[in-house]
Amino acid sequence: MPELPEVEVTRRQLMRHLVGRQIKEVITAKKSYFFLTPPTKLQQQLTGRTVQSLTRHGKYLLAQLDDKSSLLLHLGMTGRLFPSVQKSEGNSRALPQHTHLVLHFADGKSTVQFRDVRKFGKVKWLPPGARDSRLEQLGIDALEANGKTLFDASRKRRAPIKTVVLDQSVLAGVGNIYADEALFLARVRPTRGARRVGATECDLIVAAAQQVMLRSIQAGGSTFRDFVAPSGQQGSYQQQHSVYGRAGEPCPVCGNAIRRIVVGTRSTHYCPQCQK
């Protein structure tokens, strides 16, 4: 599933294909659980609107429109947003396979498509001033957090520290890959009880999470199976992973074998020597 870095890469690359452009036509697939707003209503509310900005909170994108309404977008597990050559009017309603939403623009240039093989992605129109419950439940964006955020959230938690780091109501945007990488960099074992992690260690974990995520953004994100940026390029940060996906390989610091376990149903990678 795309995590904060992959969604941020998508946002940065997609901005020039959305911001400042007026939507002329909205083509949708049939109604499905992909659409949190019915397709017909999306068509009614988006047509004629101009996109003024594209922001991100955690793993969610929010396109602000000129009438103060907004379009909420979530990539899910296999979703991809990307520009495509605008087809002629006669073929404009023919959707490619697994494509659920296509925006055509008044300037006649490239369209923007939302393709999702598994349909776990989401799209929802929000009226002016409205907020979605999904956004309301999120904590601070992980790139804006500090150690106190994590420390305060973990004081009454018996769960492993990794579970708290993954809690989107605490640090919005951190997923499995970057939780493992951050805990390794901070030298904290993922299974340690959250209440046993001190304030200084929480500072280290959050700083490490931000460090690895910013590096990943620069590398275009991590691609294992599905993530492809709007440019069509895969991410390369997986080549820099210290522990994630490297079970049995030597730790880059001490040389001991990296272990893989399951923490709260999530595959977890760590070094038993370096992380305590």
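**Figure 1. Burial of helix α6.** The buried residues of α6 are N176, I177, Y178, A179, D180, E181, A182, L183, F184 and A186, where buried means under 20% relative accessible area, exposed over 50%, and partly exposed in between (1.4 Å probe, protein chains only). Helices (H or I, at least four residues) and strands (E, at least two) are DSSP runs, numbered from the N terminus. The model is predicted: local features need pLDDT of at least 70, side-chain atom pairs count only at pLDDT 80 or more, and totals for chains, interfaces and linings use all residues. Residues are numbered from 1 along each chain as its sequence is written, and side-chain values use heavy atoms, with hydrogens and water left out. Because 10 of the 11 residues of α6 are buried, this helix is largely enclosed by the rest of the structure. Its buried residues pack against α1, α5, α7 and β12, contact being defined as heavy atoms within 4.5 Å. After α6 comes R187, which has a positive phi, near 65 degrees.

Figure 2. Q275 is found in the segment after β12 (266-270). With a relative accessible area of 0%, Q275 is buried. Two polar contacts are shown, a polar contact being a pair of N or O atoms within 3.5 Å; within protein, one must be able to donate a hydrogen and the other to accept it, and residues adjacent in sequence count only if both atoms are side-chain atoms. In one of them, the Q275 side chain reaches the backbone oxygen of L183 at 3.4 Å. In the other, a polar atom of the Q275 side chain lies 2.8 Å from the backbone nitrogen of C271. When neighbours within four places in sequence are left aside, the residues in contact with Q275 are L183, F184, R187, V188, R189, P190 and Y270.

**Figure 3. The largest nonpolar core.** A nonpolar core is a set of buried Ala, Val, Leu, Ile, Met, Phe, Trp, Tyr and Cys residues joined through side-chain atoms within 4.5 Å. The largest such core has 34 residues, of which L150, I161, V165, L171, I205 and M213 touch the most other members. Two or more residues of this core come from each of α1 (4-18), α5 (161-166), α6 (176-186) and α7 (199-218). The greatest contribution is that of α7, with 8 residues. Beyond its neighbours within four places in sequence, I161 is in contact with L150, L183, V188, R189, P190, R192, G193, A194, V197 and I205. Another core, of 25 residues, lies apart from the largest one and has V26, L54, L71 and W125 among its members. In soluble globular proteins, nonpolar side chains tend to be buried together.

**Figure 4. Salt bridges.** The whole structure holds 15 salt bridges, each a side-chain nitrogen of Lys or Arg within 4 Å of a carboxyl oxygen of Asp or Glu. One of them pairs D141 with R56, whose closest N and O atoms are 2.5 Å apart. Since D141 belongs to strand β9 (residues 140-141) and R56 to strand β2 (residues 51-57), this pair ties together parts that are 85 residues apart in sequence. D141 is buried, at 2% relative accessibility, and R56 is also buried, at 17%. D132 and R134 form another salt bridge, at 3.4 Å from N to O; D132 is buried at 1% relative accessibility, whereas R134 is partly exposed at 29%. A further salt bridge joins R192 and E201 at 2.8 Å, N to O. Here R192 is buried, at 11% relative accessibility, and E201 is partly exposed, at 22%. Salt bridges with shared partners also link E8, R11, R12, R56 and D141 into one network.

Figure 5. M1, Y33, M77 and F120 make a nonpolar surface patch of about 410 Å². Patches consist of residues with over 30% relative accessible area and no salt bridge; like charges are joined within 9 Å, and nonpolar side chains (Val, Leu, Ile, Met, Phe, Trp, Tyr) within 5 Å. Accessible areas come from the Shrake-Rupley method with a 1.4 Å probe, and for residues only the protein chains shown count as cover. Y33 is placed in the loop between β1 (23-28) and α2 (39-46). With a relative accessible area of 51%, Y33 is exposed.
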